[in-house]
Amino acid sequence: MAEVKSGHIVNVMKEERLFPPPKAFSERARIRSMEDYQKLWDEAAADPGKFWGDMAKELHWFKPFDKALEWNMPFAKWFVGGLTNVSYNCLDAHLNTPRANKAAIIWEGEPGDTVVLTYRMLHREVCKFANCLKSLGVNKGDRVSIYMPMVPELAIAMLACTRIGAIHSIVFGGFSAEAIADRNQDAQAKVQITANGGWRRGKELPLKGIVDEALEKSPSIQKCIVLKRTRTECSMKEGRDVWWHDLMAKASPDCPAEPMDAEAPLFILYTSGSTGKPKGVRHTTAGYNLFAKKTFEWVFDNREDDVFWCTADIGWITGHSYIVYGPLSAGATSLIFEGAPNWPDEGRFWEIIEKYRVNVFYTAPTAIRAFIKWGDEWVDKHDISSLRLLGTVGEGINPEAWMWYHKKIGAERCPIVDTWWQTETGGIMMTPLPGATPTKPGSCCKPLPGIVPEVVGEDGKPVPTGSGGWLTITQPWPGMLRGIWGDDERYKAQYWSDVPGKYLCGDNARCDEDGYYWIMGRIDDVLNVSGHRLSTIEIESALVSHDAVAEAAAVGRPDDMTGEAVCAFVTLTSGTEPTDALKKELKAHVGKEIGKFAAPADIRFTSALPKTRSGKIMRRLLRDIAAGRESAGDTSTLEDFSVLARLRSDDE
Ligand code: WTA
């Protein structure tokens, strides 16, 4: 493969496959051609205020805004002076339309129980729960901490908060007591919402027990609302804890939505930095709402009768934007599943697609790699022909995993949208449009209208086409974070200092001669071998293109000769033997695919890789293991600590 020398990051991945959108798909799509896309993009780039201002008329306004954008770098205000309400836009706005009795949420619990809530039913539940919150003294601007399993009540709690102007802070249901307490303390949350327990692979997780421990270190919490989800017994502290069903039994279904300032905080969502304490990313009302709605409509080409399934947890930004706020404000049907993909067996997701006739399926590369590892027979057992569009998010997708998704799940018929974005961006930033963009496996393709990216070098200047560098965004957009909760200085330092005047997202990328973007991994993950700066994804994708490899993570370890040497951690496909001969073969394979200089010096077979709870490989920890160091920095987001212990013991 050709190597493009850039002086920045060496690009070694050369992907030449191109998949135009199927004609039948384009004919019915919202955005049907690259010309239509380009027209929208040009309009938005020329005058973002006017572009988004026109779009914003789709929201309901109690009072119209005076000005679409006030940009006081790095602080943006969108739709200044306007009053709106996100819960109103997600619910009330549909009630006098034919959507009133359409399914807003279709939910399946892990044990197989099902709930369907129409827009009218969901509206009623949300109004009642909003009154419950009020009865406990929750006011506009108060913070509400939520730690729940993936149940419909989680969406109800979010919408009830926004209805009365309270700010939610959701902590993913897999975090520890310590992590909840830290976030509660930082947000100074007043009320906690949780459940007695949650289901995970047939076991009952004792959520309330974890919360009890967290609340000992959360002095700001005055009340705790507990949903009864499982049979798990739990203690109820007199004067503090109250059952969800007891509150709801007395609540009135009448609760008008509070007119909220366009820039009023909507939620805080904590995301980990590679060092230091987690950052409370702050999103606000109207801009976030509009961005979630429009990106949902454009990217998932939402049709009135679609069943849309995003498999993320609501505790992550993907769930906030594409299970709850985006789909509901677009009047869509959003499917929520409580359980794991391999319980009771590895066919669970395909069974759900078959049962509910899911049309659009949005999942993570880590899940796709697991499906590949589990084998095609699980897919073959089910009729998944209702699918018409597939998506990925969270990490780069290795081209071979993309090809499997395209063939096995998409039957070579469904477009794939590889969506690049972040907790901080609020919604999708770069992606193919399914009816317009010819896709290249492994590329998130092009920026959405209103998004203006630029790849720059460490000097802040644009790098030449094809070269890798830091990905920045040069114009404000409505869904952008407005700050870090309580820490404007950290916001400026983190995102706006290294490249003045531009948003620095922390990823490396390159833009090819067709204007397609390729995300090359986090800035911190770059490898430097004999002066070649390499991106992790390229080496990993070369490994994954070998039949024996299910998943791979490449990191650098210190090396006297080459500065850094590549160390690859590899999990094998089921049935493959971990032999020394295979190690040799894999090294040679990378040498052939990329070049000898990139061939791993070490290959280590492992049964699992350390990942964040949202499925991203934590290369930082692998770097420590490869170098034989203790891990420093924040490990609170690690999904399974035993993986680290196993990796270290494999070492000996
Ligand atoms: C990575 C998730 C490559 C990237 C919505 C980003 C991706 C971080 C992609 C944000 C993609 C997300 N291709 N990398 N399609 N999508 N990432 O905040 O490194 O959990 O900066 O938001 O995930 O992760 P977060």
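These legends walk through several close-up views of a predicted model.

View 1. Let us start with the layout.

**View 2. The residues around the ligand.** Here we meet the ligand, which is surrounded by 16 residues. The closest of them are Asp418, Thr419, Thr423, Asp507 and Arg522. Sorted by class, this shell holds five nonpolar, six polar and five charged residues.

View 3. Now look at individual atoms. One nitrogen atom of the ligand lies 2.7 Å from a polar backbone atom of Thr419. For Gly396, a polar backbone atom is 3.4 Å from a nitrogen atom of the ligand. Gln422 takes part through its side chain, where an N or O atom is 3.0 Å from an oxygen atom of the ligand. On its own the ligand would expose 520 Å², and the protein buries 90% of that. Helix 11 (317–329), strand 20 (416–419) and strand 27 (517–522) are the elements that each give two or more residues to the shell.

**View 4. Strand 19 and its neighbours.** This view turns to strand 19, which covers residues 389–393. Strand 18 (residues 360–363) runs parallel to strand 19, and four bridges join the two. Within this pairing, Val360 stands opposite Leu389. Strand 19 also pairs with strand 20, again in the parallel sense and over four bridges. There, Gly391 has Val417 as its bridge partner.

**View 5. The two faces of strand 19.** In a regular strand, side chains alternate between the two faces of the sheet. Leu389, Gly391 and Val393 point one way from strand 19, while Leu390 and Thr392 point the other way. Which of these residues are buried? All of them are, and strand 19 is mostly covered, with five of its five residues buried.

**View 6. Lys461 in its loop.** Our last stop is the loop between strand 23 (453–456) and strand 24 (468–473), where Lys461 lies. Is Lys461 buried or exposed? Lys461 counts as exposed because its relative accessible area is 54%, and the cut-off for exposed is over 50%. Although Lys461 and Val499 are 38 residues apart in sequence, their C-alpha atoms are 8.8 Å apart in space.

Notes: Residues are numbered from 1 along each chain as its sequence is written. This is a predicted model: local features need pLDDT of at least 70, side-chain atom pairs count only at pLDDT 80 or more; totals for chains, interfaces and linings use all residues. Side-chain values use heavy atoms; hydrogens and water are left out. A residue is near a molecule or strand if one of its heavy atoms lies within 4 Å of it. A polar contact is a pair of N or O atoms within 3.5 Å; within protein, one must be able to donate a hydrogen and the other to accept it, and residues adjacent in sequence count only if both atoms are side-chain atoms. Accessible areas come from the Shrake-Rupley method with a 1.4 Å probe; for residues, only the protein chains shown count as cover. Ala, Val, Leu, Ile, Met, Phe, Trp, Tyr, Cys and Pro count as nonpolar, Asp, Glu, Lys and Arg as charged, and the others, Gly among them, as polar. Buried means under 20% relative accessible area, exposed over 50%, partly exposed in between (1.4 Å probe, protein chains only). Two strands pair if DSSP finds at least two bridges between them.
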